[in-house]
Amino acid sequence: MLKTIILTLFLLIFHGDNKNFQTLNSKDDGYRGIWYSNEPSKDEYVYKYSGGLGTYPANHYPFSIYIPKVNKTFFCFGGTDKEGKTLLHEISYYDHLTGLVPRPTILLDKETDDAHDNPVMNIDEKGYIWIFSTSHGTNRPSYIHRSSKPYNIEKFELVAATKEENGKEVPLNNFSYLQSWYTPGKGFLNLFTHYDENVIPGYPKKPRRTISYMKSQDGIKWSEWYDIGAIQEGHYQTGGQFGNKIATSFNFHPYKGTQAGLNFRSNIYFLQTIDFGKTWQTADGKSITLPLKEIKNPALVKDYFSQGLNVYINDLAFDAKGNPVILYITSKGYEAGPEKGPRAWYTARWNKGNWEVLPVTVSDNNYDMGSLYIEKDETWRIIAPTTDGPQLFNTGGEMVMWVSLDKGKNWKSTPMTNHSLKNHSYPRRPVNAHPDFYAFWADGDARKKSASSFYFSNKKGEVFVLPRDMQSETAKPVRVK
């Protein structure tokens, strides 16, 4: 108890009187998403990527979890105030019995409009809801909160989390690009990124995005950070879980001098652990020593670097036998517009000792992120904005459901949205997805700041919009298609 009090006081001192330290636990009167843009392009497309990004990025997971015990899908998101000025971390749920959503709970104000700071969530075996408030790099702090009661969003408490560092307990107050995986009886294994300086030759202030993992049985005391990849300028990773198997798929950022290596991301790698992070293996079960430091290594799934192609990893799922399937996009460059196309979609499936790479479709932007679903009957589905939206060659578009009955060899598409005024983007797959709340995303004008609304679809492809302004404590989402 004394140690917890001391750590809490330390956090108070560390964060000072910043507004974002306050746990707000207030109610919003609607669902409004954060609008965000990255890297102005000085052309007709305006930005490298942009739009309603309340469920961004692909490297954050999960945003939503279905709990059969209470028949609710809980979800968190990057919200904003009515002026769209600041990122609010919010949480709510969809009640499958009533078909209603309550007013969302505002957990905190992150005091930025950067959607890289969007929250992710998890739910432990006792039903407590955990919110991990990420940060984009080291300029802002990160937080961990836990619900005061199981399966309840009314009140959250700040966790005085610590990590082990050089044999000592120190505050855990910064992490980026987090994906949280929970195993009953063992606890959390979180994949994440930390930023390291003085490691890129000739550029001491240029940060490397080092991908890592950390573990905790109780969500309060965390292990030391274990690095997975430290190749050249770093990586982006996207993880997945199948039973006791936790896996990560990732690309790498090459050395690019004064340019950003992340804009030239390439290759696909895969690693897995079946003993909660004690050891890591390639897809064929061969043990590997971490961290990876060479471009060519046993974890390599597909070499796109030698072809001069960029790689954007969207999702990682597993078939009924636990074989991984990676969903990703390739392109000729980081800029928006037709010159760097086509944006080619592929799946890479571990099949009988080899990676089987198959095409899916094409779209018009590198950040047309989609989610991959593999059902127990081996039906594959992808929900993604692969049809042109109102802002051509910008992030997102019109949502489409793709279905394959032969493990990715052939696909049939069905439109989910059409005649939209704003691009839809970043549909996310809930953990234990219920057929009535099957994907969750936001929209937004991809060329100028706009209001952003949230949507979800059912397994049939019917789309519903969450209310932006609520006159009562609960409301029924409205079907838009």
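Q: Where in the chain is Tyr61 found?
A: Tyr61 sits in the loop between β3 (47-52) and β4. Strands here are DSSP runs of E with at least two residues, numbered from the N terminus. Before going on, keep in mind that this is a predicted model, where local features need pLDDT of at least 70 and side-chain atom pairs count only at pLDDT 80 or more, while totals for chains, interfaces and linings use all residues. Residues are numbered from 1 along each chain as its sequence is written, and side-chain values use heavy atoms, with hydrogens and water left out.

Q: Is Tyr61 buried or exposed?
A: The general idea is a cut-off on relative accessible area: buried is under 20%, exposed is over 50%, and partly exposed is in between, using a 1.4 Å probe and protein chains only. Tyr61 counts as buried because its relative accessibility is 9%.

Q: What separates the C-alpha atoms of Tyr61 and Arg429?
A: Those two C-alpha atoms are separated by 9.0 Å, although the residues are 368 apart along the chain. Asp227 belongs to strand β19 (residues 226-229), and it is partly exposed because its relative accessible area is 25%.

Q: What volume does the largest pocket have?
A: A pocket is an open set of points on a 1 Å grid over the protein atoms alone, where a 1.4 Å probe fits, with protein on both sides within 12 Å along at least five of seven lines. In this model the largest pocket has a volume of about 1,100 Å³, a volume being the space filled by probe spheres set on the points.

Q: Which residues lie nearest the centre of the largest pocket?
A: Gln241, Arg429, Val431, Asn432 and Ala433 do, out of the 40 residues that line this pocket. A lining residue has an atom within 4 Å of a point. Several strands each supply at least two lining residues, among them β4 (64-67), β15 (176-183) and β24 (310-318). By class, the lining has 24 nonpolar, nine polar and seven charged residues. For that sorting, Ala, Val, Leu, Ile, Met, Phe, Trp, Tyr, Cys and Pro are nonpolar, Asp, Glu, Lys and Arg are charged, and the others, Gly among them, are polar.

Q: How many aromatic pairs does a search of the whole structure find?
A: To read one, you look at the distance of the ring centres and the angle of the planes. Rings of Phe, Tyr and Trp (its six-membered ring) pair if their centres lie within 6.5 Å; planes under 30 degrees apart are stacked, over 60 edge-to-face, and the rest tilted. The search finds 42 such pairs. Take Phe75 and Phe440: their ring centres are 5.0 Å apart with planes at 55°, so this pair is tilted. Phe75 lies in strand β5 (residues 72-80) and Phe440 in strand β33 (residues 439-444), so the pair ties together parts that are 365 residues apart in sequence. Phe75 is buried at a relative accessible area of 0%, and Phe440 is buried at 0% too.

Q: What kind of aromatic pair do Tyr94 and Phe437 form?
A: That pair is tilted, at 5.8 Å centre to centre and 40° between the planes. It links Tyr94 in strand β6 (residues 87-95) with Phe437 in the loop between β32 (423-428) and β33, 343 residues apart. Tyr94 is buried at 11% relative accessibility, and Phe437 is buried at 0%. Ring pairs also gather residues into a cluster, including Tyr31, Phe75, Tyr94, Phe437 and Phe440.

Q: Which residue lies over the face of Phe264?
A: A charge sits over a ring if NZ of Lys or CZ of Arg is within 6 Å of the ring centre and within 35 degrees of the ring normal. Here Lys256 lies over the face of Phe264, 4.4 Å from the ring centre. Lys302 does likewise over Tyr304, at 5.7 Å.

Q: How many salt bridges are found?
A: A salt bridge puts a side-chain nitrogen of Lys or Arg within 4 Å of a carboxyl oxygen of Asp or Glu. The whole structure has 23. One of them joins Glu169 and Lys221, with the closest N and O atoms 3.7 Å apart.

How values were computed:
Helices (H or I, at least four residues) and strands (E, at least two) are DSSP runs, numbered from the N terminus.
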